Amino acid sequence: GGRSFEYTSKCSSGGEARRLLLEHDYDLIIINTPLPDEFGEDLAEQAAQSNAAVIVLVKGELADRVSYKVADDGIMVVEKPTSISLFEAVLRMAEIASVKLARLEKENLRLRHRLEEAKTVGTAKCLLVDKEGLSEPQAHRYIEKLAMDSRRSRLLVAQEIVGRYNL
């Protein structure tokens, strides 16, 4: 299956947790409310801005209110007291969500790279058309051939062309 979580840190307050969030990346953050210095909702929302799966443990009578407040951030709220089997199920869901998020982030990075390449190649083609009098197909072929002949990516070749004309 997926990956398993490894225990790394335990905090006794929201302030301490915030300091650790600045210093480390976590896969899973569990907040057992209330904390000594705050309830924990704001900490959960801040933690959810990272790539971590966030679970908040809340007394049963407060669970609906907290869940309503943090649901849009993808935070899982678990009523306490809870059973071991329910908590293990929530941990499995958090693991699945974490794996899916990692996959989406990888795809997002790939697409951003492709977009950056397309923009840079497009700029390089426009410069070749404008400065060298090439047609768009000629400029495209020039970049493709130079990349192939020099065994470099189209992005590197395009960046070189843009650098040549833009300063």
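I take a polar contact to be a pair of N or O atoms within 3.5 Å, where, within protein, one atom must be able to donate a hydrogen and the other to accept it. I keep that cut-off at hand for the entry on T120. The model I am reading is predicted.

**Entry: confidence**

I looked up the confidence before anything else. The mean pLDDT of the chain is 91, and 95% of the residues reach 70 or more. I then asked which helix has the lowest confidence and which element the highest. Helix α3, residues 60-70, is lowest with a mean of 92, and α5 is highest at 96.

**Entry: T120**

I found T120 in helix α4, which spans residues 84-132. Is T120 buried or exposed? T120 counts as buried, because its relative accessibility is 10% and the cut-off for buried is under 20%. Next I checked the side chain of T120 for a polar partner. One of its polar atoms lies 2.9 Å from the backbone oxygen of E116. I also listed what T120 touches once neighbours within four places in sequence are set aside: L155, A158, Q159 and V162.

**Entry: helix α1**

G14, A17, L20 and L21 are buried. Viewed down the axis of α1, these buried residues fall within an arc of 120°, so they line one face of the helix. On the other side of α1 I noted R19, L22 and E23 as exposed. What covers the buried residues of α1? The cover includes β1 and α2.

**Entry: helix α2**

**Entry: D73**

I placed D73 in the loop between α3 and β3. D73 is partly exposed, with a relative accessible area of 31%. Not counting residues up to four places away in sequence, D73 touches E45, A48 and Q49. D73 and A47 are 26 residues apart in sequence, with 9.6 Å between their C-alpha atoms.

D64 is in helix α3. D64 counts as exposed, at 64% relative accessibility. Its C-alpha atom is 8.6 Å from that of V77, which is 13 residues away along the chain.

K59 lies in strand β2. K59 counts as partly exposed, with a relative accessibility of 44%. How far apart in space are K59 and E79? Their C-alpha atoms are 5.5 Å apart, and in sequence the two residues are 20 apart.

**Entry: rings**

I searched the whole structure for aromatic pairs and the count is zero. A charge over a ring did turn up: the charged end of R65 sits over the ring of F39, 5.8 Å from the ring centre.

One joins T33 and P34, with omega of about -10°. P81 is in the loop between β3, residues 76-80, and α4.

I also checked for positive phi. R151 has a phi of about 55° although it is not a glycine. Where is R151? R151 sits in the loop between α5, residues 136-150, and α6, residues 154-166. R151 is exposed, with a relative accessible area of 78%.

Key:
Residues are numbered from 1 along each chain as its sequence is written. This is a predicted model: local features need pLDDT of at least 70, side-chain atom pairs count only at pLDDT 80 or more; totals for chains, interfaces and linings use all residues. Side-chain values use heavy atoms; hydrogens and water are left out. Helices (H or I, at least four residues) and strands (E, at least two) are DSSP runs, numbered from the N terminus. Buried means under 20% relative accessible area, exposed over 50%, partly exposed in between (1.4 Å probe, protein chains only). Contact means heavy atoms within 4.5 Å. pLDDT is the predictor's confidence in each residue, from 0 to 100. Rings of Phe, Tyr and Trp (its six-membered ring) pair if their centres lie within 6.5 Å; planes under 30 degrees apart count as stacked, over 60 as edge-to-face and the rest as tilted. A charge sits over a ring if NZ of Lys or CZ of Arg is within 6 Å of the ring centre and within 35 degrees of the ring normal. The arc is that of the directions from the helix axis to the C-beta atoms.
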